Amino acid sequence: MYPLPFGERIKVRGIVNNEFDTKKNMNLKLLSRYRRAFFSYWFGKIDLKHPPLFYSIEVTNICNYSCRYCPQGNPDNHSPKKGTMDLDLFDDILKNVSKLKPVAQIYLTGSGEPLMHPELEKFITRSNRYGFIPSFSSNGSLLTQERVDSLIRSGKFTLTVDFSPDKKIYETYRSGGNWETVYKNLKSLLDAKKELGGDYPKIEIRDMSTIALSSLKEREKSLSDLKNLFDNLPVNKFSQLKVHRWTGNIDQRIASNDGKRNKYKLCTHPWSIFVITWSGDIIPCCRDFGSEYVFGKINGADDIVKIWNNEKIRSLRKWLVEKKPQEINICKNCDRPWTGGSVGRSKPQMIKRILWEKVVSN
């Protein structure tokens, strides 16, 4: 979640003399909602007057990989029952979320591989029908030519894939993965997008070599090598993976901060994102891999705003505001508030990101 301060004059690209179309009007409404959300976060409000900005909807918690930097690869992890979300439940969720527009983003990713759901394409189509362009992450292993074609036909979506220009790094940390297969699949998807000639699907390729490379020079070279692999192909964004400990479920040797412990920064998640598991349970954070802190359940016409402010989630916000994450089982070993990760940004950095990356670019 990212802030917008009161009284600051905002120049939104494409708006001239206060004349704007519906999409641009939606951007202004979204800016207003971000502002309300941020000030609730800034002042440590426990009861929130704004609905969630982001919705993370787990279509499945089944995965075909056992990555070393994910709890799926942790043999000691006690994950909940495996399953896939029912399309009727997804419809109920979208009906409820659509009443709370504008929404910053709908994600179709949880603790599993979204392409393991045989009906993922229907989830994309339904999302578009309700006016949402969903985003999801994938390991890319199941992007066969047939699946690429069906995904593109399903509608608009944004996809992020972790990859590496180094085969050894990739296959060491992406347990169960084959570098050549994923590279071929990504090129197939990008070729299809290039032939289509449209803006969608939007594709981000994230360099996961940061897990194994310590120096800035090595990481810069790796990112450059990754870009060269997809030269002249329509990748929307290249980025680098920031590894975290998944609330303590990942070996500190893989996701470390080199022993550094920075100033505590209040986690934004309980003020911004609504996470729904495949079974309809509601948890405060997508990193709660084991669904340890369930504070509600989606069941038909449940009021999202009411659940968003129930006693259990207010209790969690209270402990975090009081800088006592150790009182919450899923938060006590989490590294994000102490590092430079997405929840560790300073407030000015949040302002800049929401203005230029999240709203203006829409």
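Trainee: In which sense do S5 and S6 pair, and over how many bridges?
Mentor: S5 and S6 (residues 237-240) pair in the parallel sense over four bridges. Pairing requires that DSSP find at least two bridges between the strands. Strands (E, at least two residues) and helices (H or I, at least four) are DSSP runs, numbered from the N terminus. Please note that this is a predicted model, in which local features need pLDDT of at least 70, side-chain atom pairs count only at pLDDT 80 or more, and totals for chains, interfaces and linings use all residues. Residues are numbered from 1 along each chain as its sequence is written, and side-chain values use heavy atoms, with hydrogens and water left out.

Trainee: Which residue of S6 is the bridge partner of Ile-205?
Mentor: The partner is Phe-238. Between S5 and S6 the chain passes through helix H7 (residues 216-229), and this β-α-β crossover is right-handed (clockwise from the first strand over the helix to the second, with the strands pointing away from the viewer).

Trainee: And how many bridges join S4 to S5?
Mentor: Six bridges join S4 (residues 158-163) to S5 (residues 202-207), and the two strands run parallel. Within S5, Arg-206 stands opposite Asp-162.

Trainee: Turning to helices, at what angle do H4 and H6 cross?
Mentor: The axes of H4 (residues 145-154) and H6 (residues 179-196) cross at roughly 40° and come within 10 Å. Axes are lines fitted to C-alpha atoms over the stretch in contact, with angles from 0 to 180 degrees between N-to-C directions. H4 and H6 are therefore oblique to each other (under 35 degrees is roughly parallel, over 145 roughly antiparallel, 65 to 115 roughly perpendicular, the rest oblique).

Trainee: Which residues make that contact?
Mentor: On H4 they are Gln-145, Val-148 and Ile-152; on H6 they are Ser-188, Leu-189, Ala-192, Lys-193 and Leu-196. Contact means heavy atoms within 4.5 Å.

Trainee: How far apart are the axes of H3 and H4?
Mentor: Their axes are 8 Å apart, and the helices pack at an angle of about 15°. H3 and H4 are therefore roughly parallel to each other. From H3, Leu-120, Glu-121, Ile-124, Thr-125 and Asn-128 make the contact, and from H4, Arg-147, Ser-150, Leu-151 and Ser-154.

Trainee: Where does H2 meet H3?
Mentor: Leu-87, Phe-90, Asp-91 and Leu-94 in H2 meet Lys-122, Phe-123, Arg-126 and Ser-127 in H3. The axes of H2 (residues 87-98) and H3 (residues 120-129) come within 11 Å and cross at roughly 20°. That makes H2 roughly parallel to H3.
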